[in-house]
Amino acid sequence: MPLTAGTVTARTWRVLETIPPNFKELFERNLQRQAFRPIDPERGELESMGWVNARQMLDSNLNLNKVLFGNLIVLGLRVDKLVINQKLFRATLRQEIGKKLRELERERLSREEKLVIEDKVRMDLIKRTQPNTAVYEMVWRLETGHVFFGSTSEKLNQSFSDLFGETFQVSIEPQFPFLRAQRWADAQQLSAELLEVLPAPFSPDMPVDTVEVPVED
Amino acid sequence: MGVLELIQQKAFLGKEFLTWLWFRSETSGALDLRGGRTAEVEMMGPIVLDAQYGDARMTTLKGESPATSPEARAALLEGKKLKRAKLKFKRDDNEWVAVLDGENFNLSGLTMPEAGRMPFDDLIAVRMEWVMEFENILADLFEVFMTLRMDAGDWSGELVRIHDWVKSK
């Protein structure tokens, strides 16, 4: 979802609650807490996710001046992933196991010895590998509560909504058709009717009373 | 039933909405929105149709006018509905084009009126206003659809018109 040019790809969310009056102080504190930090391989991390300046993905030193534009909060969600090349891993592992066997003048290593070598090879490769980096933009329109997140991946949207909740202490709801319909139906006092609605046959070859409903086992 | 199950079970509403937009785009003029405004919808391509239950096959149609193709008619006659489609929305002199997913209303490749060259703060504000306008059009159209859909009398009349449209395609 490029902010200043090009096309927009996004899932629409909506903040369900009223933001507190002291939101600026709360947001700034939590933005720092949930800001992006590089992957720490020593801690066994292969992935890291956090907020960055949407205009500069290397800037995770965030404050409201950098993210609040009128009634818009604009942020980047940076996701770094370390992916070990499996062919390189297997080749390096074979090489290291060979070296060890020659050193010990043995024909076989124990399972524990192999695991030690495997961990060392994995850690060495992780330290030498650059992470894959992606940044997804988010715009929150404070006035209406709409939030546009620049990815349509289910997994990423789930992670996004979790991080959003932790950062801003409000819950957000995806604007799926049924949830929009539910909000409309609640206002019209048709909530019960909405729950009963079944798929309609748009084909003239399918009579109205033959719509099938899957039966749970 | 939990919310997640309901979202899944009632996902057909989004596909019916897209298919209804398709029907209206080919049979009506402008659609009424809130506040006395109107919008026009035009089907573009590609379009993807799938069945509600039982048939796992999807029909994907590309090319210049997939929505008016014999394959589109055949898919509709089989009972398939629009799962995903590229649509053009017009309101006043402004146009938005997007691929809309019927199951979750995910937007892909939304184009909108040009904002021109301006400082970042202004540019982001203008572009987000256009995105919000699109969201408002979508929300209004969905509300028009739901008002019709949830009125048994109005909906049965609309369904007859939809059937006539499919037969005449």
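This section describes the confidence of a predicted model, one of its helices and several of its salt bridges.

The structure is a predicted model. For the complex, the predictor reports an ipTM of 0.94 together with a pTM of 0.90. In chain B the average pLDDT is 92, and 98% of the residues score at least 70.

Helix 2 of chain B covers residues 12-27, a run of 16 residues. From its first C-alpha to its last, this helix reaches 22 Å, which is close to the 22 Å expected at 1.5 Å a residue. Of the 16 residues of helix 2 of chain B, 13 are buried, so the helix is largely enclosed by the rest of the structure.

Over all chains, 33 salt bridges were found in a search of the whole structure. In chain A, one of these joins the side chains of A:Glu113 and A:Arg106, with an N to O distance of 2.7 Å. A:Glu113 has a relative accessibility of 26% and therefore counts as partly exposed, since that class lies between 20% and 50%. A:Arg106, with a relative accessible area of 35%, is also partly exposed.

In chain B, a salt bridge is formed by B:Glu143 and B:Arg34, whose closest N and O atoms are 3.9 Å apart. B:Glu143 lies in helix 4 of chain B (residues 120-149), whereas B:Arg34 lies in the loop between strand 1 (31-32) and strand 2 (38-50) of that chain, so the pair ties together parts that are 109 residues apart in sequence. B:Glu143 is partly exposed at 30% relative accessibility, and B:Arg34 is partly exposed at 48%.

The loop between strand 1 and strand 2 of chain B also holds B:Arg37. The side chain of B:Arg37 meets that of B:Asp92 in a salt bridge, at 3.0 Å from N to O. B:Asp92 is located in the loop between strand 4 (81-91) and strand 5 (94-101) of chain B, and the pair links distant parts of the chain, 55 residues apart. B:Asp92 is exposed, because its relative accessible area of 57% is over 50%. B:Arg37, by contrast, counts as partly exposed at 36% relative accessibility.

Salt bridges in chain B also form a network, which links B:Lys15, B:Asp50, B:Lys83 and B:Glu103.

Definitions and conventions
Residues are numbered from 1 along each chain as its sequence is written. Chains are lettered from A and ligands numbered from 1 in the order in which they are written. This is a predicted model: local features need pLDDT of at least 70, side-chain atom pairs count only at pLDDT 80 or more; totals for chains, interfaces and linings use all residues. Side-chain values use heavy atoms; hydrogens and water are left out. pLDDT is the predictor's confidence in each residue, from 0 to 100. Helices (H or I, at least four residues) and strands (E, at least two) are DSSP runs, numbered from the N terminus. The expected span of a helix is 1.5 Å times one less than its number of residues. Buried means under 20% relative accessible area, exposed over 50%, partly exposed in between (1.4 Å probe, protein chains only). A salt bridge is a side-chain nitrogen of Lys or Arg within 4 Å of a carboxyl oxygen of Asp or Glu.
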